[in-house]
Amino acid sequence: MSTLIQLTKTDEWEKVLHQTNEEPVFIFKHSSTCPVSANAFKEYESFSTDMNKYFLIVSESRTVSNQIASDLDIKHESPQIFLLKDEKAVWNTSHWHITENNIKNAVKEHINS
């Protein structure tokens with residue numbers, strides 16, 4: 001299973017965003033109190049990849065969550081997942097659409113194509 005790295009500060013987010021110029025990464029935003037989010041997080045966790053996988057808990061890192069929404073120009077939802085490349089979201093989805101299969105397909109379509 002891939003390692004999950006938690007983001008808690010905006011400077012961490014900025015480093016990750018710049019890192020996407022070198023390699024694609026995943027970011028997962030979720031609520032620790034929502035059952036839909038808990039299920040989506042399990043799907044994200046089970047997705048095995050060599051890519052870096054980051055997450056943040058919205059209630060604990062609201063500033064980071066807001067900065068992500070602003071920098072990517074994508075309305076905040078929770079749970080929400082992004083595949084980032086070259087400082088842009090090349091794919092994102094939310095709620096029940098966050099499945100291991102959809103994540104695999106996003107990599108096939110946007111990274112391995």
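Predicted model: local features only at pLDDT ≥ 70, side-chain atom pairs only at ≥ 80, totals over all residues.
**Starting at Asn 112**

Is Asn 112 buried or exposed? Asn 112 is exposed, with a relative accessible area of 55%; here exposed means over 50%, buried means under 20%, and partly exposed is in between, using a 1.4 Å probe and protein chains only. You'll find Asn 112 in the segment after α4.

Residues are numbered from 1 along each chain as its sequence is written, and side-chain values use heavy atoms, leaving out hydrogens and water.

**The sheet**

Five strands make an open sheet with mixed pairing, in the order β1-β3-β2-β4-β5. Strands (DSSP runs of E, at least two residues) and helices (runs of H or I, at least four) are numbered from the N terminus, and two strands pair if DSSP finds at least two bridges between them. At the edges sit β1 (4-6) and β5 (88-94), each pairing on one side only. From one strand to the next, the twist averages 25°. For angles, axes are lines fitted to C-alpha atoms (for helices, over the stretch in contact), and values run from 0 to 180 degrees between N-to-C directions.

Strands of a sheet pair through backbone hydrogen bonds, either parallel or antiparallel. You can see both here: β2 (residues 25-30) and β3 (residues 52-57) run parallel, joined by six bridges, while β4 and β5 run antiparallel, also with six bridges. Phe 28 has Phe 55 in β3 as its bridge partner, and Phe 82 stands opposite Asn 92 in β5. The hairpin of β4 and β5 has two residues between the strands, and Asp 86 there takes a positive phi near 55°.

**Helices and their faces**

Helix α3 (residues 62-72) lies across β2, β3, β4 (80-85) and β5, at about 130° to β2. Contact, by the way, means heavy atoms within 4.5 Å.

Now look at α2. Its 12 residues should span 16 Å at 1.5 Å a residue, and its end C-alpha atoms are 17 Å apart, which agrees; the expected span is 1.5 Å times one less than the number of residues. Val 36, Ser 37, Ala 40, Phe 41 and Tyr 44 are buried in α2. They cover an arc of only 135° around the axis, which puts them on the same side of α2; the arc is that of the directions from the helix axis to the C-beta atoms. Pro 35 and Lys 42 are exposed on the face turned away from that buried side.

In α4, the buried residues are Ile 103, Ala 106 and Val 107. Seen down the axis, they fall within an arc of 95°, so they line one face of the helix. Lys 108 and Glu 109 are exposed on the other side of α4. The cover over the buried residues of α4 includes β2, α2, β4 and β5.

**Two cores**

A nonpolar core is a set of buried Ala, Val, Leu, Ile, Met, Phe, Trp, Tyr and Cys residues joined through side-chain atoms within 4.5 Å. The largest one has 16 residues, and those with the most contacts inside it are Phe 26, Phe 28, Tyr 44, Ile 81, Trp 91 and Ile 103. At least two residues of this core come from each of β2, α2 (35-46), β3, β4 and α4 (100-110). Apart from it lies another core, of 15 residues, including Leu 17, Ile 27, Ile 68 and Phe 82.
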